[in-house]
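Student: Could we go through this structure together, one question at a time? I would like to see how each answer is reached.

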Amino acid sequence: TDSILAYIQKASKKGEKLLAILLDPDKTTFEEIPVISKKIETLKANFIFVGGSFVEKGVTSVFVKKLKENTQIPIVLFPGDYSQVTNKADALLFLSLLSGRNPEYLIEQQIKSVPFLKNSTLEIIPTGYILIDGGTNSSVLKVSKTTPIAQNNIDLAVSTAIAGMYKGKQLIYLEAGSGAKIPVNLDLISEVKKNITIPLIVGGGIKTKEQLNNAFKYGADLVVIGTAFEQNNF
Ligand code: 1GP
């Protein structure tokens with residue numbers, strides 16, 4: 001079978017759009033997992049992303065194990081911290097916060113994950129993570145202590161994405177922050193998409209079907225929905 005990355009690359013080439021539901025183990029109880037898994041299957045989501053900014057050590061691995069008992073949908077780790085990495089998942093977005101200038105999230109966290117990863121079978125996907133100002137002081141901003149790129153600074157967003165591609169990232173993730181008031185603006189999505197040849201993930205603050213379809217239409221290959229799913233809007 002295809003790796004997760006190959007699957008995303010193929011879909012992107014064919015113009016097939018992918019959906020990921022983000023679950024934060026900090027906000028979801030183990031008891032809810034069976035019902036939530038059913039709901040995600042009904043939505044025909046392609047992936048379940050698992051991660052959060054404040055997840056306690058050890059919780060993610062139990063959480064993913066329980067998810068695996070309830071669904072076959074591939075599980076991709078989207079960790080806020082290296083301590084969330086677990087072998088129980090299928091793949092790991094190996095994130096570098098390219099919009100930020102905090103070495104902790106450019107290289108330190110990545111180094112800390114290596115003693116675990118070098119003995120693991122997880123698929124590791126180099127991902128350039130770019131924060132766009134979503135109009136809220138999101139957890140990513142608080143935790144990373146970085147400044148997001150302004151929604152109208154399309155040139156900077158594009159150059160950051162291209163630099164990420166040149167650095168060897170296999171995916172670019174445009175993030176407005178979980179619970180963002182303003183999702184990534186559509187022109188920014190389309191300009192970034194036009195300028196990269198690797199698949200594009202978009203997430204943060206997408207609350208309606210219309211916003212989802214627009215993100216796809218303007219160039220997102222994969223859209224991530226967390227908060228709106230938790231609030232039963234999807
Ligand atoms: C956050 O992009 C994801 O990392 C999803 O954001 O919770 O706003 O859907 P939401």
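Student: Leaving aside neighbours within four places in sequence, which residues is Ser12 in contact with?

Tutor: Keep in mind that this is a predicted model. Ser12 is found in helix 1, which covers residues 4–14. Once the neighbours within four places in sequence are set aside, the residues in contact with Ser12 are Lys193, Pro199 and Asp221.

Student: Is Ser12 buried or exposed?

Tutor: The cut-off for buried is a relative accessible area under 20%. The relative accessibility of Ser12 is 18%, so Ser12 counts as buried.

Student: And Pro34, is it buried, partly exposed or exposed?

Tutor: Pro34 is found in helix 2, residues 33–42. A residue is partly exposed when its relative accessible area lies between the 20% limit for buried and the 50% limit for exposed. Because Pro34 has a relative accessible area of 35%, the word for Pro34 is partly exposed.

Student: How far apart in space are Pro34 and Gly15?

Tutor: In sequence, Pro34 and Gly15 are 19 residues apart. Taken from C-alpha to C-alpha, their separation in space is 32 Å.

Student: Where do the buried residues of helix 3 fall, seen down its axis?

Tutor: Helix 3 runs over residues 59–70, and its 12 residues reach 17 Å from the first C-alpha to the last, close to the 16 Å expected. Its buried residues are Thr60, Phe63, Val64 and Leu67. An α-helix has 3.6 residues a turn, so residues three or four places apart point the same way. Seen down the axis of helix 3, the buried residues fall within an arc of 95 degrees, so they line one face of the helix.

Student: What do the buried residues of helix 3 pack against?

Tutor: Their partners include both strands and a helix. The buried residues of helix 3 pack against strand 1 (18–23), helix 2, strand 2 (47–50) and strand 3 (75–77).

Student: How much of the area that the ligand exposes when taken alone does the protein bury?

Tutor: Of the 14 residues around the ligand, those that come nearest include Glu175 and Thr227. An N or O atom in the side chain of Glu175 is 2.5 Å from an oxygen atom of the ligand, and a polar side-chain atom of Thr227 also lies 2.5 Å from a ligand oxygen atom. A backbone N or O atom of Gly204 lies 3.0 Å from an oxygen atom of the ligand. Taken alone the ligand exposes 310 Å², and the share of that buried by the protein is 97%.

Note on methods
Residues numbered from 1 in each chain as written. Predicted model: local features only at pLDDT ≥ 70, side-chain atom pairs only at ≥ 80, totals over all residues. Heavy atoms only, no water. Helix = DSSP H or I, 4+ residues; strand = E, 2+ residues; numbered from the N terminus. Buried < 20%, exposed > 50% of the residue type's maximum accessible area, 1.4 Å probe, protein only. Expected span 1.5 Å × (residues − 1). Arc of directions from axis to C-beta. Contact = heavy atoms within 4.5 Å. Near = heavy atom within 4 Å. Polar contact = N/O pair within 3.5 Å; in protein donor to acceptor, adjacent residues only side chain to side chain. Areas by Shrake-Rupley, 256 points an atom, 1.4 Å probe, with all protein chains shown as cover.
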